[in-house]
Each structure stands twice: as structure tokens, then as C-alpha cells.
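Thanks, everyone. Let's get the structure on the screen and walk through it.

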Amino acid sequence: MYKILVVEDDIDLKEGLEFALKEDGYIVLTAETKKQAAVCYNSHDFDLVLMDCNLPDGSGFELCTDIRQNSNVAILMLTARDGELDEVKALNLGVDDYMKKPFSLAVLKARIRNLLRRKDADNFIESNGIRINNNNNTIYMNETKIDVTAVEYKLLRYLIENKDQVLSKEQILSYIWDTEEKYVDDNIVSVNIRRLRIKIEQNPSQPEYIKTVHGMGYIWKTKF
């Protein structure tokens, strides 16, 4: 079930959007200011943010910039201003879609569905019951959220992106830790592999997913 954050200071419009989107089965949270939106966004995992361009304590442009620092969540911006420069600015900041008020509710809903389909295709990785959400860097296993560190997240994503391929310790080190050509003990790979197995394997001592290929490295084995 998709979760949407609606950021709109027009109370009637905000409540109307909330009602209409909930009718379509979305989980909807709302905010009226940039500050409220930031607090709400940082407290939940959203699939889409529907935001007004003009807010009482700032702008949708500023909110978009803040969100895009660490998230690829879908963003649809609404505006009452009829200016091409605003639209260009929004798209350059990373807004995925842009609509002028007044708008058709049916068209808005269609655009939301389209954005969510596109983001699903681009930002979700699935294998063996594991679902990685690149929008908010979360991992679910059979609908249960798995708490992982930033390194564990990056390691698991790297393994799944290269499923059924053997990755050497050197490759893993280079991708995850050795970006600045600093020496890192390769034992750290084994340590984090072990931690991941404890979190996702039914029997970590006899792993089904993250397998060791002796003398070569590790492989994420797809179950057929």
C-alpha cells in the first residue's frame, strides 16, 4: 500500500486531496507548512510527495531541495502560478511532475499512478522475498522491515544487483569501502556478510541466499 505525503496550506484543498486519495486506497498524511512537512517526511517512509509550490514558511522548491539531498522519492508539485520559469526550476531541482491549479482530480490521480509505476520500476529491487526500496533505503523481507546499517544495506543491494554472479572480496571492498583508496582490512567483508546472514537467513550457518564460493568470494543465489 503506497504512502503519500500531501503538503498544502489551503485547508479545503488539503482535506479534499486527502479524502480523494484515501478513497483510492492510499495511506495519506498531510502537512500545511514546510516545517511540518520536514518533520513528517523524516518520520515515515513515503512513496510520493504531493506538494504546493507556495508554503507559509518557505517554498516547495526549498522542500524539494531538502528531500533530494538523500531521497529519490516521487515528487509532484502543484502551483497557482502560471510561469514557465517556475516549471523549469522545479524540474531542474528533481521534481518528477508539475501541475498548475486549478487541475482535474482525475488527471492528478492518473499522474500519481504513473509516477508510482515508474518509481517502482526504477527504485525497487526484489529477489528471494527481499524487497529493497532505493527511495528511502529500506529493506523488507516478506513484508517485514529488516533493520540494517548503511554498510549492510549497500552490501546487500550490491549482492542482489549482481545476483548469481560471484563477487570477490576485492570487488566488494572497492565498491563499498575503498572509494578513497584507503586500506581497509578485508575481514570487514566477512563480518558484514555474517551480520546480514543473521538478519535474513533462516539458518545463518547454512545460508541459502548469500553463499560463500571458497577461494573466490560471495554470491547471491537466486532460488528457482
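Predicted model: local features only at pLDDT ≥ 70, side-chain atom pairs only at ≥ 80, totals over all residues.

With that, take D164. It sits in the loop between α6 and α7.

Look for E143 in the loop between β10 and β11, which spans 144–146. E143 is exposed, at 72% relative accessible area.

One more backbone point. The peptide bond from K101 to P102 is cis, with omega near -5°. P102 lies in the loop between β7 (97–100) and α5 (105–123).

The largest nonpolar core has 25 residues. Which of them touch the most other members? I130, I132, L156, L159, I172 and W220. Elements giving two or more residues to this core are β9 (130–133), β10 (138–141), α6 (150–161), α7 (169–176), α8 (187–200) and β13 (217–220). α6 gives the most, six residues. There is a second, separate core of 21 residues, and A31, M51, L55 and M77 are among them.

Zoom in on L159. Setting aside neighbours within four places in sequence, L159 contacts L167, I193, I210, Y218 and W220.

On to the helices. α6 has 12 residues and reaches 16 Å from first C-alpha to last, close to the 16 Å expected at 1.5 Å a residue. Its buried residues are E152, Y153, L155, L156, R157, Y158, L159 and I160.

α8 has 14 residues and reaches 20 Å between its end C-alphas, close to the expected 20 Å. Buried in α8 are V189, S190, V191, N192, I193, L196, R197 and I200. Those buried residues pack against β9, β10, α6, α7, β12 (210–213) and β13.

How do α6 and α8 meet, and at what angle? They pack at about 85°, with axes 10 Å apart. Angles of 65 to 115 degrees count as roughly perpendicular, so α6 is roughly perpendicular to α8. From α6, the contact uses V151, E152, L155, L156 and L159; from α8, N192, I193, R195, L196, K199 and I200. By class, that contact has seven nonpolar, one polar and three charged residues.

Notes:
Residues numbered from 1 in each chain as written. Heavy atoms only, no water. Core = buried A, V, L, I, M, F, W, Y, C linked by side-chain atoms within 4.5 Å. Buried < 20%, exposed > 50% of the residue type's maximum accessible area, 1.4 Å probe, protein only. Helix = DSSP H or I, 4+ residues; strand = E, 2+ residues; numbered from the N terminus. Contact = heavy atoms within 4.5 Å. Axes fitted to C-alpha atoms, helices over the stretch in contact; angles between N-to-C directions. Parallel < 35°, antiparallel > 145°, perpendicular 65-115°, else oblique. Nonpolar A, V, L, I, M, F, W, Y, C, P; charged D, E, K, R; others polar. Expected span 1.5 Å × (residues − 1).
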